[in-house]
Amino acid sequence: MTKHKPEILAPAGDKACFLAAIAAGADAVYCGLKHFSARMEADNFSIADLSALASLGREKGVKTYIAMNTLLKPGDIQAAGRLLDRVARHVKPEAIIFQDLGMVSLARQVGYEGELHLSTLANATHPAALQTAAKLGVSRVVIPRELNLDEAKEMAEACPEGMTLELFIHGALCYCVSGRCYWSSYHGGKSGLRGRCVQPCRRLYGGSGRKEDPKRLFSCLDLSLDVLTKPMLSVPQVRSWKIEGRKKGPHYVYYAVTGYRMLRDEANNAQSRKNALELLELALGRPSSHSTFLPQRPFVPLEPANETGSGMLIGISKQTKGATAYFNTRQELLPGDFLRIGYQDQPGHRTMKIRRYVPKRGRVDIPKGKSRVFSGTKVFLIDRREQGLVKALDELEKELGSIDRKQTESSSFTPEMPASFTPSERYMEQVLLRNPPKGKFKPGTSIWLAPNALERTPRPAIGRAWWHLPPVIWPGEENELRNLIDHAVENGAMDFVLNAPWQLSLFEGREGLRFHAGPFCNISNALALKELHDLGFSSAYVCPELAKDDFLALPEQSPIPLGVVFKGMWPLGISRIIAEETPLMSPLYSRKKEICWVRKYGQNYWIFPGWPLDLTKERKFLERAGYSMFLDIRESWPKAVPEPHRSSNFNWDLTLY
């Protein structure tokens, strides 16, 4: 088999990590700015900083990709456009990574000449999706972490000419499918789609009144494909091996890049493979696995009884009454090392920096914080500053200092907005069901497209229903969906709600149908709506996690009619995996008394909150703003889950961060 050489793509959340990537021999670095980056908890970069670093990268043969991969709200368009304009002129990155369709329009308008890479947050999960992405000018698609080796190859075989794929090979795993997680947003407005996730999936969950302790039912181990990357060397469309970790330190970046460079360049050398695995062990990530990548031996990357925090365990705290907490380190500590005390949801959790050398078994006092560190709290080494790495970074820092830092200019860019649609005063209330209703088939009935639902729907009613495609489609599900679409169309179906823009490719060659963008398309601005219009969509449901001002501003800018999820069961997230210990259709409680429950549909597990979404009181505001479609998403309530005594208006009264 012909082998090719994919690039090693390294993460960088700050200058030291960018330099560490260069020092380790990365081929490309991806990083974010202070705004519109899906890792807003990282330090990120200013335009001036990135301009100099990208110049140094070019001198070293290292490409720079800028992640502007957040959801854009209605009021973000001008600021995002001006930032992209400055990036294009001053940083000149080889690629922009995006999830929001509005970024495609902005890239064209500012004259950006580099590549457009579609983020995994955009949820292009099946082979046909690549065709629609290509129509938008996408050069590369970042495929989901949930795909196994065979599915990744299926995606590669479906690549249109000129398109390449990017594969995650190492780093943190989210429990939910990228672009299908609203957990953090639903519980307080910190949106994962905007880089603000507070990781509620990492919390402890347990049933009410159960004797066993709560467990980390949704907290994933890290991904480490290590030696399983070898088969991908014979798949030329996979041009990039991506290491996750923009919130990690330079030690992690350096060791992970070095390890995978060895696995790529010396794949047939047993000693090199062994050395590479040792380096990856020292990268200070979480406990890791191959996850589900090997189809013959899939592994669910969940160990609920164990902790899944990152770093290397180096001590356990002790404390005598009234004294400062301390620990004896299990290995030497170097000046500049970073430690994590405990886990995120434990009392006393914090990070601390080592200021002086500490020998093995030496005592380290833990500074007092807002809350007490109890005896028995585990202490982890999460980033390190060994001399070799420090020296390499210092040398690159000197080279960076010699680069002429040109003054960056501001931008006066003003986006060209689409002509707006004149809203109708006719309103359609729709009810979305899993199965057809019993009795009379009312106007506005919507049904999830699935074999049982289609079989149970009377033939005359098929043409009157709106058929919703699943929010996630995996490679092996395409043929069945095409067959269902064929059957529905043959029986008169006209209206299809697509829950990712890329699902349009499943209807290639069909005429006379009406396509509506579903709420899982995460549409939140006028430029994204214009892209949908140009693709052939006739209406759209906007992203339900928007705040009041965002909702009310959008219709007056929209080129197509808009709808909103105003009521019902909106999921916290959708996952392809579940731990054996997680019961279906039963209440699960976090320590914050948040309730959720899990139901399986097809290959996916839907996590629902313990109370429904309800914007009924806000309907008049929404009608006056210009919304004409109002969707109520129905789910049968599990008997074991307490009936809700409250509802949520999601982020209506909040600011969506």
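A: Let's begin with a term: two strands count as paired if DSSP finds at least two bridges between them. Keep in mind too that this is a predicted model.

With that in hand, look at strand S14, residues 338-341, and strand S17, residues 378-383: four bridges join them, and they run antiparallel. To find your place in this pair, look for Arg340, which stands opposite Phe380 in S17.

Now widen the view. S14 and S17 are neighbours in an open sheet of four strands, whose order is S12-S17-S14-S15. Pairing in this sheet is antiparallel. Which strands form its edges? They are strand S12 (312-316) and strand S15 (350-353), each of which pairs on one side only. Going from one strand to the next, the twist averages 30 degrees.

S8 is joined to strand S26, residues 588-590, over two bridges in the antiparallel sense. Here Tyr205 is your guide, as it stands opposite Ser590 in S26.

S18 pairs in the parallel sense with strand S30, residues 629-633, over five bridges. In that pair, Glu429 has Phe630 of S30 as its bridge partner. S18 also pairs with strand S19, residues 445-448, in the parallel sense and over three bridges. Leu433 is the residue to look for there, with Ile447 of S19 opposite.

Two stops remain on the way, starting with a pair of helices. The axes of helix H2 (residues 47-59) and helix H3 (residues 77-91) come within 9 Å and cross at roughly 35 degrees. The crossing is right-handed. On the H2 side, the residues that meet H3 are Ile47, Leu50, Ser51, Ala54 and Arg58; on the H3 side they meet Leu83, Arg86, Val87, His90 and Val91. Taken together, the residues of this contact divide into six nonpolar, two polar and two charged.

How many cavities of 30 Å³ or more are counted? The count comes to four, and the largest cavity holds about 130 Å³ of space. It is lined by 15 residues, and those closest to its centre are Gln99, Ala122, Pro501, Cys521 and Asn522. Eleven residues of this lining are nonpolar, two are polar and two are charged.

Notes
Residues numbered from 1 in each chain as written. Predicted model: local features only at pLDDT ≥ 70, side-chain atom pairs only at ≥ 80, totals over all residues. Heavy atoms only, no water. 1 Å grid on protein atoms, 1.4 Å probe; cavity = no way out; pocket = protein on both sides within 12 Å on 5 of 7 lines; lining within 4 Å. Points joined across faces, edges and corners; volume = space filled by probe spheres on them. Nonpolar A, V, L, I, M, F, W, Y, C, P; charged D, E, K, R; others polar. Axes fitted to C-alpha atoms, helices over the stretch in contact; angles between N-to-C directions. Left-handed = near helix turned anticlockwise from the far one by under 90°. Contact = heavy atoms within 4.5 Å.
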